[in-house]
Each structure stands twice: as structure tokens, then as C-alpha cells.
Amino acid sequence: MPAYVLGHRLRGEGARLALMSELLDPMHRRYIDALGVVKPGARTLEVGCGNGSMSAWLAQRVSPGGTAVAVDLDLSLVQVRMPGLELRSADIVAGPAERGTFDLVTARAVLHHVADAEAAIANMVAGLKAGGALLLIEPDFLPVSVAEPREVREFWDGWLAWSRERGIDYFIGRTLAPRMASLGLTNISGTAEIAVYNGGSFWADYWIDTITELRGDLVSSGKLDEPLVDKFLEYCADSNWWTQTIAFTAVHGLAQGG
Ligand SMILES: C[S@@+](CC[C@H](N)C(=O)[O-])C[C@H]1O[C@@H](n2cnc3c(N)ncnc32)[C@H](O)[C@@H]1O
């Protein structure tokens, strides 16, 4: 199995993925609805399905007669089982899930963790039938460059240095559109959405969970020290602190033909 820094066996990963579903599923569902390709009878693929919340929703939308295929390196945190939902354990870098069969292929918060994002996107495109839609939603950490106060900016500088060392690309959002264009997709367009949140909010809780899970690795990497991590966690608990972190970049395009 390829290395994945937030492995599903880490303590707290189930709760962290549940928070991601809570925070990001409404946006993801809105983009899918706007594409208009997910109807009863359709065939969809979600890559890197995490806890499966989006694929369960897709399975309902393609019913009756359709199938929502959900792929992940590790399906151990997918609890849902339902008609029309097909779970597959696979690495998207290794090859396409299928060729030319899907009305929609989507991935959210996956590609920034993938060492060969180029191959992963090409394999997702290979899965599309003519006229099918690819929807990718990935982070771009542009907002942290102007985060306040200074200690928070320093925390993010250390976090980004750590992530580069771990092969994570937190600036992948801006590369999605040109990558899709180079693979021959048409009608490419996108939007970036930035949550504004304060300490004590679900987003702050998400960061507390993530940083608590990774704390040992962050500190042992030498890119962050304990006092700076503590300071950041203090802000995350302070309702008077308001901030912005990720520009979630959603880009979609269509396979030619159809
Ligand atoms: C940050 S989680 C996001 C989960 C879900 N998409 C969400 O947004 O809530 C990344 C997921 O991608 C999966 N993943 C990472 N690399 C992958 C690969 N090469 N092929 C398939 N899944 C992968 C991980 O196992 C994990 O479940």
C-alpha cells in the first residue's frame, strides 16, 4: 500500500473524517448537482472515498438502476453498505478503476496526498465515458500566507515545510485546471471557496484533531516545536480568533464526445 500520512488506523482518524464530511459534503454535493450528470441509472466513481459519505449520497442519487463505485486504499472506515454502492480497495495511481464507463468521476482532498497526481488524474479521466464529468476538489493553502497573528503564520510556515518533506502538495488546487486541459477535457471551469472560521468552530476542531493526530511527527521533523504547536492549539480554542486557511479549489471538465 502506498504511504499515506493520515493512515486510517491512526487514533482519531474516524472522527476526523466525520468532521470532513460535515464540513465539505454540502459543497461537494452542490458542485455535483450543478453538473447535472448524476441521475437515476448513472454510474459514478469516487476516488479516495474516506468514510464513504459522498458515495452513499451518490448511490441514492443514481437509484434506481445506477451504481456508485467508491475506491480507497483503505476501506476500513467505510461503515455504510447499501444497494447501488460498490466498494473497491485500489490505488488510483496504479491504473483506472474502469475504462470509459463513468458519467461522473470525483475526488476530494485526495490528490494532494498522492505522489504521482499526474498519473492519478489521467487514470480518473480514462474512466470517463464520452461527455462524462470529472470533478476534483483539492486544497490550496494560499490564505495562510496572510494569516494573523504572527505565531499562526509561523505555525503554517512550519506545517508547510513539514508537508513538503512528507510529499504533500498543499498548493495543488491551482494546478487542477491546467492538468485537466492537458488531458484533453473540455468546458473546464472552477471556483475556490474559503471558509472563514473562529476558535471553537468545527473547522478549528478539525485542526485540533489533525494536529493532535500528527503532533509527534510534526515535532520530530524539526519543522515545528512544542510551544508553537501549543500556541496554535490555543488559538483554535479561542472564539475571538477569526481566520481563513484553505482555498478549496473545485474544478470540473468534460470528456470529449457524448
Ligand atoms: C484526506 S482523506 C479524504 C477523504 C474524503 N475524500 C473526504 O474528503 O472526506 C484522503 C483519502 O484518500 C485516500 N487515498 C490516498 N491516496 C490514495 C490512492 N493513491 N488511491 C486511492 N485512495 C487514496 C486515503 O486512504 C484517504 O481515505
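How many residues surround the ligand, and which are the closest?

Reply: This is a predicted model, in which local features need pLDDT of at least 70, side-chain atom pairs count only at pLDDT 80 or more, and totals for chains, interfaces and linings use all residues. Residues are numbered from 1 along each chain as its sequence is written.

The ligand is surrounded by 23 residues, and the closest are Met 20, Gly 48, Gly 50, Ile 92 and Ala 109. A residue is near a molecule or strand if its C-beta atom, placed from the backbone, lies within 6 Å of it. By class, the shell around the ligand holds 15 nonpolar, four polar and four charged residues. Here Ala, Val, Leu, Ile, Met, Phe, Trp, Tyr, Cys and Pro count as nonpolar, Asp, Glu, Lys and Arg as charged, and the others, Gly among them, as polar.

At least two residues of the shell come from each of helix 1 (13–35) and strand 2 (67–72). Helix 1 gives the most, with four residues. Helices (H or I, at least four residues) and strands (E, at least two) are DSSP runs, numbered from the N terminus.

Ala 109, one of the closest residues to the ligand, lies in the loop between strand 4 and helix 3. Its phi is positive, about 60 degrees, although Ala 109 is not a glycine. Most residues other than glycine have a negative phi, and most peptide bonds are trans. Ala 109 is partly exposed, because 18 other C-beta atoms lie within 10 Å. A residue is buried if 20 or more other C-beta atoms lie within 10 Å of its own, exposed if 12 or fewer, and partly exposed in between, with C-beta atoms placed from the backbone.

Strand 4 (residues 102–108) is mostly covered, and seven of its seven residues are buried. Strand 4 pairs in the parallel sense with strand 1 (residues 43–47) over four bridges, and also in the parallel sense with strand 5 (residues 128–138) over six bridges. Two strands pair if DSSP finds at least two bridges between them. Val 105 is the bridge partner of Leu 45, and Val 105 also stands opposite Leu 134 in strand 5.

Strand 4, helix 3 (residues 117–126) and strand 5 form a right-handed β-α-β unit. A crossover is right-handed if, with the strands pointing away from the viewer, the path from the first strand over the helix to the second runs clockwise.

The bond from Ser 63 to Pro 64 is cis, with omega near 0 degrees, and Pro 64 lies in the loop between helix 2 (53–61) and strand 2. The bond from Glu 148 to Pro 149 is cis, with omega near -5 degrees, and Pro 149 lies in the loop between strand 5 and helix 4 (150–165).
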